[in-house]
Amino acid sequence: EGQITVQVTVAEDKITDITILSAEDEEEYLSRAKQVIPAILEGQSPNVDTVSGATNTSNAIIAAVTAALEQAAK
């Protein structure tokens, strides 16, 4: 429901780490939504399915990762 800030580490053109720096959301949803992080790392893409029961927070993490990757590509 709130803003999420992430740090995405890219090394040798691969996403190696995603860290949530801050999140304005309830811990219950945030802890569920964090399940998208391993999926993003495994697929090397933010184009992953959201987590049921934490759809909005999952989408926020995915959007934050996408924005970070776009910014890094500049």
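Predicted model: local features only at pLDDT ≥ 70, side-chain atom pairs only at ≥ 80, totals over all residues.

Biologist: How do you know whether the radius of gyration of the chain agrees with that of a compact globule?

Modeller: The rule for a globule is 2.2 Å times the number of residues to the power 0.38. For 74 residues this gives a value near 11 Å, and the chain has 11 Å, so the two agree. Taken along the principal axes, the C-alpha atoms fill a box of roughly 35 × 20 × 15 Å.

Biologist: What share of the residues is called buried, and by what cut-off?

Modeller: A residue is called buried when its relative accessible area is under 20%. Buried residues account for 30% of the 74 residues in the chain. The accessible surface of the chain is about 4800 Å², and carbon and sulfur atoms contribute 44% of that surface.

Biologist: Which residues of helix 2 are buried?

Modeller: In helix 2, residues 36–43, the buried residues include Val 36, Ile 37 and Ile 40. The buried residues of helix 2 fall within an arc of 105° when seen down its axis, and therefore they line one face of the helix.

Biologist: Against which elements do these buried residues pack?

Modeller: The buried residues of helix 2 pack against strand 2 (14–23), helix 1 (27–33) and helix 3 (55–73). Contact here requires heavy atoms within 4.5 Å. After helix 2 comes Gln 44, whose phi is positive, near 55°.

Biologist: Why is Gly 53 called partly exposed?

Modeller: Partly exposed residues lie between the cut-offs of under 20% for buried and over 50% for exposed. Gly 53 has a relative accessible area of 39%, so it is partly exposed. Gly 53 sits in the loop between helix 2 and helix 3.

Biologist: Which residues does Gly 53 touch, leaving aside those up to four places away in sequence?

Modeller: Gly 53 touches Tyr 29 and Arg 32. Between Gly 53 and Ala 63, which are 10 residues apart in sequence, the C-alpha to C-alpha distance is 17 Å.

Biologist: How many charged side chains are there, and how far apart are the centres of the two sets?

Modeller: The chain has 4 positive and 12 negative side chains, with the centres of the two sets 4 Å apart.

Methods:
Residues numbered from 1 in each chain as written. Heavy atoms only, no water. Buried < 20%, exposed > 50% of the residue type's maximum accessible area, 1.4 Å probe, protein only. Areas by Shrake-Rupley, 256 points an atom, 1.4 Å probe, with all protein chains shown as cover. Lys, Arg positive; Asp, Glu negative; His and termini not counted. Charge placed at Lys NZ, Arg CZ, Asp CG, Glu CD. Helix = DSSP H or I, 4+ residues; strand = E, 2+ residues; numbered from the N terminus. Arc of directions from axis to C-beta.
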